[in-house]
Amino acid sequence: MTITIDSFTERANTVRAGAQRIRLNALHMGEVQGQGYVGQALGAADVLAAVYLDQLRYRADDPHWEDRDRFLLSTGHYAIALYAALAEAGVISREELDTYGSDDSRLPMSGMASYTPGMEISGGSLGHGLTVAVGMALGLRHRGGDSRVFNFLSDGELNEGSTWEAAMSAASHRLGNLTAIVDMNALQADGPTAGVLAIEPAEEKWAAFGWNTQRVDGNDPDAVLAAFDAIADRDPVGAPQVILCDVTVGKGVPLLEQREKNHFMRIDEEEWAVCRAQLIAAYEENSR
């Protein structure tokens, strides 16, 4: 694929602006509940913006369109981030974000495919997303279509044996239509990922399992887009792809980046306005 400098810059700017809106929407939903997985949403916003505004083939008005690309959220507790991205993509309305986590809402705090348009799988126990993605990618290929499967999973899921069984299966079946995106935020519910169960060197592990492997700054839209461009012409029958994205929990909001316990955040009522102000100030500073 040939990308001109001007078109790449335009794409990156689109992703950067979309990521800012995703972060603002995530803060808004978090404020509705006063708590939640806000830090993960802020960290993953650039990657999700790149996927939904630049990579994914879908129809906003027809979430079940047969020829769509599939985006699987293995990390069901990141649903707040995906809802913000789905609103940015026009799959759900921004007004519906006000119902996040409420009774009878289509936007529960953990992702549920039966409730939410655009949510391909239900989330809960971690370590299952890549397994589903392998089966889905294999099935789509057998049907003869050119749809791609993107699976978003966390670095904590690299602790799960089922993840590596799926990784081995994907390479064995030569699922070049499958891309795994790993949110390397270095944090789990029980503490830093490295302290729970060491997963490094992650790149070498994925490569040893037969995957085409890249590692990038997941909070740099230019780097994320370049990683996707590098696999744009991949053979659908070949090595599967993995992009390891190093991100910062709470990215763009220093108050949350520096919080000691930032897996599931409880944010005081008066802090939400501070978070928004910091996020807007950081974006304006970086946009100059």
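Let's start with His-77, which sits in the loop between β2 (70-73) and α3 (79-89). Keep in mind that this is a predicted model. His-77 counts as buried because its relative accessible area is 15%, under the 20% cut-off.

**Around His-77**
- Setting aside residues up to four places away in sequence, His-77 touches Tyr-37, Gln-40, Met-109, Ser-110, Leu-126 and His-263.

**The nonpolar cores**
- The largest nonpolar core holds 61 residues, and Tyr-52, Phe-71, Tyr-83 and Leu-256 have the most contacts inside it.
- At least two residues of this core come from each of α1 (5-33), α2 (38-55), β2, α3, β3 (149-154), α8 (221-230), β8 (241-246) and α10 (271-286).
- Of these, α2 gives the largest share, with eleven residues.
- Apart from that core there is another one of 26 residues, with Leu-72, Ala-133, Leu-140 and Ile-199 among them.
- Back to Leu-256: beyond its neighbours within four places in sequence, Leu-256 is in contact with Leu-27, Val-38, Leu-42, Val-249, Gly-250, Asn-262, Met-265, Ile-267 and Cys-275.

**Around Thr-248**
- Thr-248 is in the loop between β8 and α9 (254-257).
- With a relative accessible area of 32%, Thr-248 is partly exposed, because that value falls between the 20% and 50% cut-offs.
- Which residues does Thr-248 contact, leaving aside its neighbours within four places in sequence? They are Gly-43, Asn-219 and Glu-257.
- Thr-248 and Asp-103 are 145 residues apart along the chain, and their C-alpha atoms are separated by 31 Å.

**The chain as a whole**
- The protein chain has ten helices and nine strands.
- Its radius of gyration is 18 Å, which agrees with the value near 19 Å that a compact globule of 288 residues would have.
- Along the principal axes, the C-alpha atoms fill a box of roughly 50 × 40 × 40 Å.
- Buried residues make up 52% of the 288 residues.
- Among contacts with a separation of 6 or more, 76% are between residues 24 or more positions apart.

**Surface and charge**
- The protein chain exposes about 12500 Å², and carbon and sulfur atoms supply 50% of that area.
- There are 23 positive and 42 negative side chains in the protein chain, and the centres of the two sets lie 4 Å apart.

Technical notes: Residues numbered from 1 in each chain as written. Predicted model: local features only at pLDDT ≥ 70, side-chain atom pairs only at ≥ 80, totals over all residues. Heavy atoms only, no water. Helix = DSSP H or I, 4+ residues; strand = E, 2+ residues; numbered from the N terminus. Rg over C-alpha atoms; globule rule 2.2 N^0.38 Å. Buried < 20%, exposed > 50% of the residue type's maximum accessible area, 1.4 Å probe, protein only. Contact = heavy atoms within 4.5 Å. Areas by Shrake-Rupley, 256 points an atom, 1.4 Å probe, with all protein chains shown as cover. Lys, Arg positive; Asp, Glu negative; His and termini not counted. Charge placed at Lys NZ, Arg CZ, Asp CG, Glu CD. Core = buried A, V, L, I, M, F, W, Y, C linked by side-chain atoms within 4.5 Å.
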